[in-house]
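Trainee: I've got a model open and I'd like to learn how to read it feature by feature. Can you walk me through it?

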Amino acid sequence: MRPDLLCALDAPRLAAGLLTIEEVLALASRGNVIFDPFSVLISRHARIGEGNVFHPCVTLTCAPTAELRVGDRNVFHTGSLLAAETGPLTIGNGNQFGEGGFTAKANSPGARIVVGDGGRYLGGASVFGQTELGSGTQVLGAITVDGCSLAGGAAFSDPDPDRRAAVLKGSGTARRLVLGVGQVILGSGAFRLEDAKPQSFFHPKAAP
C-alpha cells in the first residue's frame, strides 16, 4: 500500500487513541489472529493477551483513565464492541463474544465489568454497570444485563446441568439480579429472579 494512503488511514486512528493498522497487525506476534486489520479498532490503552481471534468490525476502546484487559484465546465475532470509559473492563480466557453481536460498556459512574473464563455471550447480548459474569456463564440472546452477578460453574458441556454456570437466555432486560450455579432464566421483556429455574428443567439429567 502507498505510504500516503496508509498515513491517511492511520491519522483518524491516532487522533482517537487507537492503534495504527501496523500496530494492530503486530498483535499477531503474540499469536493473535486479526482477519481484517482495516476494520478492527483497538485502543492503545487496551492490554491484549495471546491467541485471541478478532473477526472483522470489532471495536475495543479504552479511556486513558480506565482499564481494558483481555486475556487469552477469546473469540470476538463481527459486531463485538467493548468500551472502558469510566471504569475497568476485564475479560478472562477462552470466551466467545458473538455471533450476532456483543456489547460491553463500563460507561457509568462506578461501572465495573468482569468476565471470567470459558463463557458464551451471543446473539446481541449487552452488558453494563457493575456486572460480574463468572467463568462458564452464558448470556444467549438480545438481553441487556445491567448490574448483575452470574455465578461461575461448570461449562455448558458438563453432563450435569445443575453444576453449570448461571445462564440468561431469551430477550429483554436483566437488572440487579444475582443468579447462582445451575440456575437459568428464560425471559422475554423483564427478567425476574422468581422465574429462575434449575437448568435440568430444560436439559434433563441423563439416567444413571
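**Reading the model, feature by feature**

Mentor: Let's start at one spot: alanine 66 sits in the loop between β5 (59–62) and β6 (67–70). Strands here are DSSP runs (E, at least two residues), numbered from the N terminus. Keep in mind that this is a predicted model, where local features need pLDDT of at least 70 and side-chain atom pairs count only at pLDDT 80 or more, while totals for chains, interfaces and linings use all residues. Residues are numbered from 1 along each chain as its sequence is written, and side-chain values use heavy atoms, with hydrogens and water left out.

Trainee: Is alanine 66 buried or exposed?

Mentor: Buried means under 20% relative accessible area, exposed over 50%, and partly exposed in between (1.4 Å probe, protein chains only). Alanine 66 comes out at 17%, so it counts as buried.

Trainee: Which residues is alanine 66 in contact with, beyond its sequence neighbours?

Mentor: Contact means heavy atoms within 4.5 Å. Setting aside neighbours within four places in sequence, alanine 66 contacts Ala84, Glu85 and Gly87.

Trainee: How many residues are in the largest nonpolar core?

Mentor: In soluble globular proteins, nonpolar side chains tend to be buried together. A nonpolar core is a set of buried Ala, Val, Leu, Ile, Met, Phe, Trp, Tyr and Cys residues joined through side-chain atoms within 4.5 Å. The largest one here has 43 residues, and Phe54, Leu82 and Leu168 have the most contacts inside it. Strand β11 (residues 102–106) gives the most to this core, with 3 residues. Click on phenylalanine 54 and, leaving out residues up to four places away in sequence, you'll find it touching residues including Ile34, Phe35, Leu60 and Phe76.

Trainee: What does threonine 137 touch through polar atoms?

Mentor: A polar contact is a pair of N or O atoms within 3.5 Å; within protein, one must be able to donate a hydrogen and the other to accept it, and residues adjacent in sequence count only if both atoms are side-chain atoms. The side chain of threonine 137 makes such a contact, at 2.7 Å, with that of tyrosine 121. A polar atom of the threonine 137 side chain also lies 2.8 Å from the backbone oxygen of glycine 134. Threonine 137 is in the loop between β15 (130–133) and β16 (138–140), and at 0% relative accessibility it is buried.

Trainee: Last one: how many salt bridges are there?

Mentor: Side chains of opposite charge can pair when their charged atoms come close. The rule for a salt bridge is a side-chain nitrogen of Lys or Arg within 4 Å of a carboxyl oxygen of Asp or Glu. The structure holds 6. In one of them, arginine 69 meets glutamate 67 at 2.4 Å, N to O; arginine 69 is partly exposed at 42%, and glutamate 67 is partly exposed at 33%. In another, arginine 163 and aspartate 158 have their closest N and O atoms 2.6 Å apart. Here arginine 163 is partly exposed at 47%, whereas aspartate 158 is buried at 15%. There's also a network of salt bridges linking Arg192, Glu194 and Asp195.

Conventions:
Helices (H or I, at least four residues) and strands (E, at least two) are DSSP runs, numbered from the N terminus.
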